[in-house]
Amino acid sequence: MSMNKAVEEWVKQVAEHTKPERLRWCDGSDSEARELEASMVESGSLVPLDPKKFPGSFLHRSDPTDVARTEHLTFIASANRADAGPTNNWMNPANAEGDVWPLFAGSMKGRTMFVVPYVMGPAGSKHSRVGVEVTDSAYVALNLRLMTRMGAVALRELGDGDRFVKGIHSLGDLSPERRFIVHFPAKREIWSIGSGYGGNALLSKKCHALRIASVEGFEQGWMAEHMMIVGITNPQGKKHYVAAAFPSACGKTNLAMLVPNLPGWKVETVGDDICWMHIGEDGRLWAVNPEAGFFGVAPGTSVKTNPNAMAALGHDVIFTNVALRDDLTPWWEGMDPVREHEQLTDWRGSRWQKGQSTGPAAHPNARFTVAARQCPTVGASIADPRGVPISAIIFGGRRARLAPLVYEARDWNHGVYVGATLVSETTAAATGAVGVPRNDPMAMVPFCGYNMGDYFGHWLQMGKRLVNPPRIFHVNWFRTNEEGKFLWPGFGDNIRVLKWILERVDNRAPARATAIGNVPTADALDLAGLDLNVPRMDELLAVDPGAWLEELTRNGAFLQRFEDRLPSSLQAEHHALRDRLGRSAS
């Protein structure tokens, strides 16, 4: 494997500071993976699963204090605090050098430093980017092999160049008091210490592909978004590609691998989590998935909710913090019922029995890592260097009573406002309280590497450059009745909403105008075979101007946090919505 001089020099400097016992350049080969797996099994950090039922698959248990993204310990180290913005934790770069860098001193003593070159995006694409992560975790190296195009391919892509994202990761002593994830947008560098959890340690993912890439996109005129990408083909053979943003653990992966409940419809998975979008030569918005694998939430994933994900998990998977059955097969809540009196080993390694043990068997944020090629719905588009053209952008979150099942933004600027005021309930994907509503613009609050006021402005500027901007929509699969029961069946029936969305793109579906946007008319959704009565559908599609005025006030307070960085046209959208709601409520 030929080396790059800039990479070699940087690795040498990091090794001199962290003092690993040995250095290993990862080539991404099968033989290398088998060797790392064997060493981790020997050390007890991997548990092999049943070789017949789950060949090539393993269970990893992380430290109980290290099970989710630590957003309160994640920082943007920009020269000016204002450039990080009010939604990020800011750290002065000088303080990072003085307080965080010393934590890496000798942190890899007695350990192997793995040097992992990787490509984000299809090989050979002008839209792809190279990164190199150094880590003292074999678990990280194995995960990156599944999540990225890793090894020799990355060094070939980089050639003799010196433009690569530098990621330095060390487990340290796993102490939460000495745990930091620091991003340096100006020098395209990431430091992570004290955590072995995926989002904090797999630096290619949220750290590179979103926090650093969002800054690159802002500076270079493209977009790095927390979005899935899916291709949808109707029975007549017409295909559209859609990008959709949902906060973590809110059903985005399920939607990306949808099994349609309408005959003749087909779905192709291009990506389940991250989307890089650029303006093509034709003036349309095109997208690539920078990843090559899935790092999905296991609890709630089942043959019913996501059969394609379950099909992908049959072999060569790394499961993290799931429960273990005595037959050495994985289990998690929502997968299938446990047998009466069956005992499991929970995610902490303790014996667990339903009704007898406290807490869940699998951690609520338990994960699976698997190569995307194993998913039955993943097609050739995931490797297309050009990307795919985007016809529609969808925002969605958990709203129990406010947002209708689906509505369409009036135009691009209004769609940016819809995304900028996206609200959802917090989930187990991040540390902190669960079920608390919070503003999460474009599902990017934890991942935008710069001031979100400037980020909104970037969206607006991108729209001006597009010849035919994608239509923008908002969906809410989670609306409930007064008893708290979901009104919409969801899962495979979400194709019915996507059908209306694409028919709107083709100017073929009816809608009624409301203050918040265009909502399907009573006969616009294909409900064939569903037992949904008229009152239930009316409730699903209802828009209450009074409740939305309350929401407007809350969102206004959130937007004011960006002060003079908030684009005036976004303020104009806010005031226009207030006027429309006022007229509707009167």
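**A mixed sheet and a helix pair**

Five strands build an open sheet in the order β2-β3-β19-β24-β18, with mixed pairing. Strands are DSSP runs of E, at least two residues, and helices are runs of H or I, at least four, numbered from the N terminus. Two strands pair if DSSP finds at least two bridges between them. The model is predicted: local features need pLDDT of at least 70, side-chain atom pairs count only at pLDDT 80 or more, and totals for chains, interfaces and linings use all residues. Residues are numbered from 1 along each chain as its sequence is written, and side-chain values use heavy atoms, without hydrogens and water.

Thr320 has Arg367 of β24 as its bridge partner.

Helix α5 (residues 138-147) lies across β3 (58-60), β18, β19 and β24. α5 runs at about 115 degrees to β18. Axes are lines fitted to C-alpha atoms, for helices over the stretch in contact, and angles run from 0 to 180 degrees between N-to-C directions.

Now turn to the helix pair. α15 (residues 545-559) and α16 (residues 568-585) pack at about 160 degrees, with axes 9 Å apart. That makes α15 roughly antiparallel to α16 (an angle over 145 degrees).

Note on methods. Angles under 35 degrees count as roughly parallel, over 145 as roughly antiparallel, 65 to 115 as roughly perpendicular and the rest as oblique. Contact means heavy atoms within 4.5 Å.
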